[in-house]
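User: I'd like a close look at one chain of this model. Keep it brisk, please.

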Amino acid sequence: MRTTLVGRPIDVAALTREVGAEDNGAISLFVGTVRNVNEGRAVDGIEYNAYAPMAERELAQIAEEASARFGTRHIVIEHRTGYLALGEASVVIAVGHPRRAPSLDGARWIIEELKRRVPIWKLEHYVDGTREWVAQLPTGEATADA
Amino acid sequence: MTLEVLLFASYADAAGASRVQVVVPDGATVADVVAAVRAAAPAIPLPKRPLVAVNHRYATPELAVAVGDELALIPPVAGG
């Protein structure tokens, strides 16, 4: 298992190879990419900002939990920081497993946990020159008063 | 005791700084620190129960803090 924040493009093929093993019948990949529109506004690119030591810790913790839950050690997660252009991969999750169902379920579970827990923020750069921090849907403790 | 609280993203922009200093009594809890930050930096748009990390872990409002702890206010996260 390996998890990390990275400041350079993510090599999807390398991560796929990394979780490969002869007893695996499946490798599932989740690749999160920068989309050109968010809530009706044209996006130019996104700056990813992390509380690095805590984000690294949470990523490692999520991988450990996924390993226990889905029964594989073949898990790699890389999350990028810094400015990303449209279409670039912001996060890649690779899960190898003897069976396809836990491999797919594991990748899905990891991205949902990552979005819920890992202290990373997106500053969207819009085509009209403005910038804004992306506000996720309110979740419990983080619900704003307003 | 004087503590520093790290700020990120929208909180840092609102405060115009990446950290804020607060003075709280010895034995203070996370909730006390949050109250002190509200007073010291009212421009930060804190929700009713903001997420706080102590030493890189999410902390409950009741957790006691001490000098040397790394405290951070965590805006709603948006990774992925």
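Among contacts in chain A between residues at least 6 apart in sequence, what share joins residues at least 24 apart?

Analyst: The share is 74%. A contact here means two C-beta atoms, placed from the backbone, within 7 Å. This is a predicted model: local features need pLDDT of at least 70 and side-chain atom pairs pLDDT 80 or more, while totals for chains, interfaces and linings use all residues. Residues are numbered from 1 along each chain as its sequence is written, and chains are lettered from A, ligands numbered from 1, in the order written.

Now the build of chain A. It has three helices and nine strands (DSSP runs numbered from the N terminus, H or I of at least four residues, E of at least two). Along the sequence they follow β-α-β-β-β-α-β-β-β-α-β-β. The C-alpha atoms of chain A fill a box of roughly 50 × 35 × 25 Å along the principal axes. Buried residues make up 34% of the 146 in chain A (20 or more other C-beta atoms within 10 Å; exposed is 12 or fewer, partly exposed in between).

Next, the side that meets chain B. The contact takes 27 residues from chain A and 17 residues from chain B. On the chain A side, H2, strand E7 (89-97), helix H3 (100-117) and strand E8 (120-126) each give two or more residues. H3(A) gives the most, with four residues. By class, that side has 15 nonpolar, six polar and six charged residues (nonpolar: Ala, Val, Leu, Ile, Met, Phe, Trp, Tyr, Cys, Pro; charged: Asp, Glu, Lys, Arg; the others polar, Gly among them).

Then the core. The largest nonpolar core has 57 residues, among which Val5(B), Val33(B), Val37(B) and Val52(B) touch the most other members (a core is buried Ala, Val, Leu, Ile, Met, Phe, Trp, Tyr and Cys joined through C-beta atoms within 7 Å). Yet the largest share of this core, seven residues, comes from helix H2 (residues 52-70) of chain A. In soluble globular proteins, nonpolar side chains tend to be buried together.

Take one of those chain B residues. Leaving aside residues up to four places away in sequence, Val52(B) touches Val30(B), Val34(B), Ala59(B), Leu71(B), Leu73(B) and Ile74(B).
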